[in-house]
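Please look through the sequence and the model shown here before reading the notes. They are written for a reader who is new to protein structure.

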Amino acid sequence: MGGGIAETNLDRATDTSLVRGAVVDSPALDYGAAISTIVDRFSLPGAVTDVLSAFVEIRSGADLDAVDTLTANQHSGGPKQPVLLFHGTADTVVPHATSAAFAHDWPDDVTLVRGGAGRPDGHGGVLPPKLRASAAHPRALFSPYRA
């Protein structure tokens, strides 16, 4: 879930000039879809999704629609920095479809690496062009010091 939170934070931040790129693993980009996936996994009636979503919103004080990264990026014009996104097609908690939609919407900025499980092993040397330039200086990806 942290990858979705990171993407939401980067989308809302006013200054991301020190962030060269983001690497996220199986991010919850749409919490409603994640709750629905869990409900389906347990073969519960679809109405349970609405009840669970309302419970999560009441318990956490968060508006799930307000932290929907897919919609937020459509309104803001996409990610402000390149994203390397790992996501397994067999993930039973966070739906792979949301990561696929994110990569489809922003093909120049998001590289999706698929695996068979919930979290694929390694990136296979695949990096988006903007991130590849920074990869020559990996410390620059996560450091406030520019390379």
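Predicted model: local features only at pLDDT ≥ 70, side-chain atom pairs only at ≥ 80, totals over all residues.

Residues are numbered from 1 along each chain as its sequence is written, and side-chain values use heavy atoms, with hydrogens and water left out.

**The whole chain**

- The protein chain holds seven helices and three strands, where helices (H or I, at least four residues) and strands (E, at least two) are DSSP runs numbered from the N terminus.
- Read from the N terminus, the order of these elements is α-β-α-α-α-β-α-β-α-α.
- Of the 147 residues in the protein chain, 41% count as buried; buried means under 20% relative accessible area, exposed means over 50%, and partly exposed lies in between (1.4 Å probe, protein chains only).
- The protein chain exposes about 8,100 Å², of which carbon and sulfur atoms supply 58%; such areas come from the Shrake-Rupley method with a 1.4 Å probe, and for residues only the protein chains shown count as cover.
- Among contacts (heavy atoms within 4.5 Å) between residues at least 6 apart in sequence, 73% join residues that are at least 24 apart.

**The sheet**

- Three strands form an open sheet in the order β1-β2-β3, with parallel pairing; two strands pair if DSSP finds at least two bridges between them.
- Because β1 and β3 (110-115) stand at the edges and each has a single partner strand, one side of each is left without a neighbour in the sheet.
- Neighbouring strands of this sheet are turned by 15° against each other on average, direction ignored; axes are lines fitted to C-alpha atoms, for helices over the stretch in contact, and angles run from 0 to 180 degrees between N-to-C directions.
- Four bridges link β1 to strand β2 (residues 83-88), and V23 stands opposite L84 in β2.
- Six bridges join β2 to β3, and T111 in β3 is the bridge partner of L84.
- Helix α5 packs on the sheet, where α5 touches β2 and β3, and the direction of α5 makes about 150° with that of β3.
- In β1, A22 and V24 belong to a covered face, whereas V23 and D25 belong to an uncovered one.

**Helix α4**

- Which residues of helix α4 (residues 69-76) are buried? They are T69, L70 and N73, and they lie on the same side of α4 because they cover an arc of only 105° around the axis, the arc being that of the directions from the helix axis to the C-beta atoms.
- The cover over the buried residues of α4 includes α1 (2-12) and α5 (96-105).
- D68 caps the N-terminal end of α4, with a side-chain oxygen 3.1 Å from the backbone nitrogen of L70.
- Just after α4, G77 takes a positive phi of about 95°.

**Two serines with positive phi**

- Most residues other than glycine have a negative phi.
- S26, in the loop between β1 (22-25) and α2 (31-41), has a positive phi near 50°, and S26 is buried, with a relative accessible area of 1%.
- S43, in the loop between α2 and α3 (47-60), has a positive phi of about 55°, but S43 is exposed, with a relative accessible area of 63%.

Terms used:
Polar contact = N/O pair within 3.5 Å; in protein donor to acceptor, adjacent residues only side chain to side chain.
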